[in-house]
Amino acid sequence: MKIIVNGKEAGSKETGCALCGATWGEYYEEIDGDRLFFCCDFCALEFKNMVNEVKKRTGWSKIDELIINGNYYTGRTCIAKLGEKEYKFYVKFNEEGDVGIFKEV
């Protein structure tokens with residue numbers, strides 16, 4: 001899965017956390033067959049919950065590319081892509097890392 005966070009490629013230790021873009025931490029998780037870097041387990045949990053919500057709403061089995069703009073405090077405006085298909089959404093997480101607000105945009 002190709003991931004762009006606030007304009008920069010992310011998802012590896014060198015490029016930054018797959019959700020927030022931070023380069024500190026050492027947490028990895030396999031998601032959809034890709035071993036992705038996260039700064040912490042909380043970002044990994046939020047990312048997984050977001051991906052699962054997109055799959056549930058679109059019926060997609062995977063996501064090819066995910067463009068994420070924003071942060072924890074303001075929420076994130078995102079574009080998920082599968083082939084030629086696009087799904088635009090806004091997501092904000094609650095204090096437990098679950099999807100708190102999710103809107104199609």
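Figure 1. Of the 105 residues in the protein chain, buried ones make up 43%. Keep in mind that this is a predicted model. The protein chain has eight strands and one helix, and if you start from the N terminus, the elements come in the order β-β-β-β-α-β-β-β-β. Taken along the principal axes, the C-alpha atoms fill a box of roughly 30 × 30 × 20 Å. A compact globule with 105 residues would have a radius of gyration near 13 Å, and the 12 Å of the protein chain agrees with that.

Figure 2. The accessible surface of the protein chain is about 5,700 Å², and carbon and sulfur atoms hold 46% of it. There are 15 positive and 18 negative charges in the protein chain, and their mean positions lie 4 Å apart. Now look at contacts with a separation of 6 or more: 33% of them come from residues 24 or more positions apart.

**Figure 3. Arginine 76, a buried charge in strand 6.** Arginine 76 sits in strand 6. It's buried, yet it has no salt bridge. Glutamate 46 is the nearest side chain of opposite charge, 4.4 Å away, whereas a salt bridge calls for a side-chain nitrogen within 4 Å of a carboxyl oxygen.

Figure 4. Strand 6 covers residues 75–82, and leucine 82 belongs to it. Leucine 82 counts as buried because its relative accessible area is 19%, and the cut-off for buried is under 20%. Setting aside neighbours within four places in sequence, leucine 82 is in contact with Trp60, Lys62 and Asp64.

**Figure 5. Asparagine 6, in a loop between two strands.** Look for asparagine 6 in the loop between strand 1 (2–5) and strand 2 (8–10). Asparagine 6 isn't a glycine, but its phi is positive, at about 50°. With a relative accessible area of 43%, asparagine 6 is partly exposed.

Figure 6. Aspartate 32 is in the loop that runs between strand 3 (27–31) and strand 4 (34–38). Here's another residue other than glycine with a positive phi: for aspartate 32 the value is near 55°. Aspartate 32 is partly exposed, and its relative accessible area is 33%.

Notes:
Residues numbered from 1 in each chain as written. Predicted model: local features only at pLDDT ≥ 70, side-chain atom pairs only at ≥ 80, totals over all residues. Heavy atoms only, no water. Helix = DSSP H or I, 4+ residues; strand = E, 2+ residues; numbered from the N terminus. Rg over C-alpha atoms; globule rule 2.2 N^0.38 Å. Buried < 20%, exposed > 50% of the residue type's maximum accessible area, 1.4 Å probe, protein only. Contact = heavy atoms within 4.5 Å. Areas by Shrake-Rupley, 256 points an atom, 1.4 Å probe, with all protein chains shown as cover. Lys, Arg positive; Asp, Glu negative; His and termini not counted. Charge placed at Lys NZ, Arg CZ, Asp CG, Glu CD.
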